[in-house]
Amino acid sequence: GSVHFDETVIPVEKKSGWLHSASNELLTHYEIHSERGTAAIEKIGILPRFKGTAIHDRWSPYFQYEKCRHGLCGSHLLRDLRFVMEQEKESWAKSMRRLLCTMNCAVKKAKAKGQARFNAPTLDYWEARYNRILNVGLKLHVSKNRREGLIESTGARGRKKQRPGKNLLDALNVRREWVLLFLKDFT
């Protein structure tokens with residue numbers, strides 16, 4: 001089965017704590033921890049032992065758990081795409097939002113007809129559309145870097161900073177199997 005993992009900041013005794021959740025269609029487990037990261041995930045103990053499909057956002061600590069299969073949460077991706085579309089004014093994000101929603105509708109229609117999965121030509125069609133939009137976004141950032149320059153400062157842990165749209169494009173590119181998992185596995 002699949003379990004959705006998430007966390008959010010919550011006030012605990014006049015300090016910031018983290019509410020971690022793990023949920024499927026029947027049950028939800030909530031646990032408050034003083035930390036957001038791996039220490040909390042390890043103490044809670046669900047994800048480290050989980051062997052199903054973990055659905056979550058792009059937060060890096062989730063990616064280290066390899067006993068399970070991963071899928072990126074569509075709601076989180078749509079929110080991230082809306083930010084890039086509205087705040088960064090990048091049109092590729094609007095196209096990607098529309099495509100992911102169209103793909104989701106196609107999955108729902110196929111499921112309603114009793115299909116368990118798409119055939120290879122259908123998957124190729126959707127992936128080609130996805131790749132076209134990614135390429136538009138990546139080309140936009142090449143031209144932005146030429147026109148406006150790179151972001152000079154470094155971010156957390158010494159990594160080079162990038163524009164939010166480029167960070168999202170990189171995730172959609174590198175994690176494409178996890179983004180498009182819902183196309184290949186209707187469960």
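Which residues are linked in a network of salt bridges? The network consists of Arg58, Arg79 and Asp80. A salt bridge here is a side-chain nitrogen of Lys or Arg within 4 Å of a carboxyl oxygen of Asp or Glu. Side chains of opposite charge can pair when their charged atoms come close. A search of the whole structure finds nine salt bridges.

The model is predicted, so local features need pLDDT of at least 70 and side-chain atom pairs count only at pLDDT 80 or more, while totals for chains, interfaces and linings use all residues. Residues are numbered from 1 along each chain as its sequence is written, and side-chain values use heavy atoms, with hydrogens and water left out.

Helices (H or I, at least four residues) and strands (E, at least two) are DSSP runs, numbered from the N terminus. Five strands form an open sheet in the order E3-E2-E1-E4-E5, with mixed pairing. Strands pair if DSSP finds at least two bridges between them. E3 and strand E5 (69-72) are at the edges with a single partner strand each, so one side of each has no neighbour in the sheet. From one strand to the next the twist averages 25 degrees. Axes are lines fitted to C-alpha atoms, for helices over the stretch in contact, and angles run from 0 to 180 degrees between N-to-C directions. E1 pairs with strand E4 (residues 53-56) in the parallel sense, over three bridges. Serine 2 stands opposite threonine 53 in E4.

The loop between strand E1 (2-12) and strand E2 (15-23) contains glutamate 13, and lysine 14 is also found in the loop between E1 and E2. Glutamate 13 has a positive phi, near 50 degrees, and is not a glycine. Lysine 14, not a glycine either, has a positive phi of about 65 degrees. Accessibility is classed as buried under 20% relative accessible area, exposed over 50%, and partly exposed in between (1.4 Å probe, protein chains only). Glutamate 13 is exposed, at a relative accessible area of 75%, and lysine 14 is exposed at 88%.

Glutamate 31 and lysine 43 form a salt bridge through their side chains, at 2.9 Å from N to O. Because glutamate 31 lies in strand E3 (residues 28-33) and lysine 43 in helix H1 (residues 38-44), the pair ties together parts that are twelve residues apart in sequence. Leaving aside residues up to four places away in sequence, lysine 43 touches Glu31 and His33, where contact means heavy atoms within 4.5 Å. The C-alpha atoms of lysine 43 and histidine 33 are 8.8 Å apart, and the two residues are ten apart in sequence.

Two further salt bridges lie within helices. In helix H3 (residues 74-86), arginine 82 and glutamate 86 are four residues apart, and therefore separated by about one helical turn. Their closest N and O atoms are 3.1 Å apart in the salt bridge. Arginine 82 is partly exposed at 37% relative accessibility, and glutamate 86 is partly exposed at 36%. In helix H6 (residues 164-174), lysine 166 and aspartate 170 are likewise four residues apart, about one helical turn. The closest N and O atoms of this salt bridge are 2.7 Å apart. Aspartate 170 counts as partly exposed, at 22% relative accessibility.

H6 also has a buried side. Gly165, Leu168, Leu169, Ala171 and Leu172 of H6 are buried. Seen down the axis of H6, these buried residues fall within an arc of 160 degrees, so they line one face of the helix; the arc is that of the directions from the helix axis to the C-beta atoms.

Finally, the packing of helices. Two packed helices are described by the angle between their axes and the distance between the axes. For H3 and H6 the angle is about 145 degrees and the axes are 9 Å apart. The contact involves Leu77, Asp80, Leu81, Phe83 and Val84 of H3, and Pro164, Gly165, Leu168 and Leu172 of H6.
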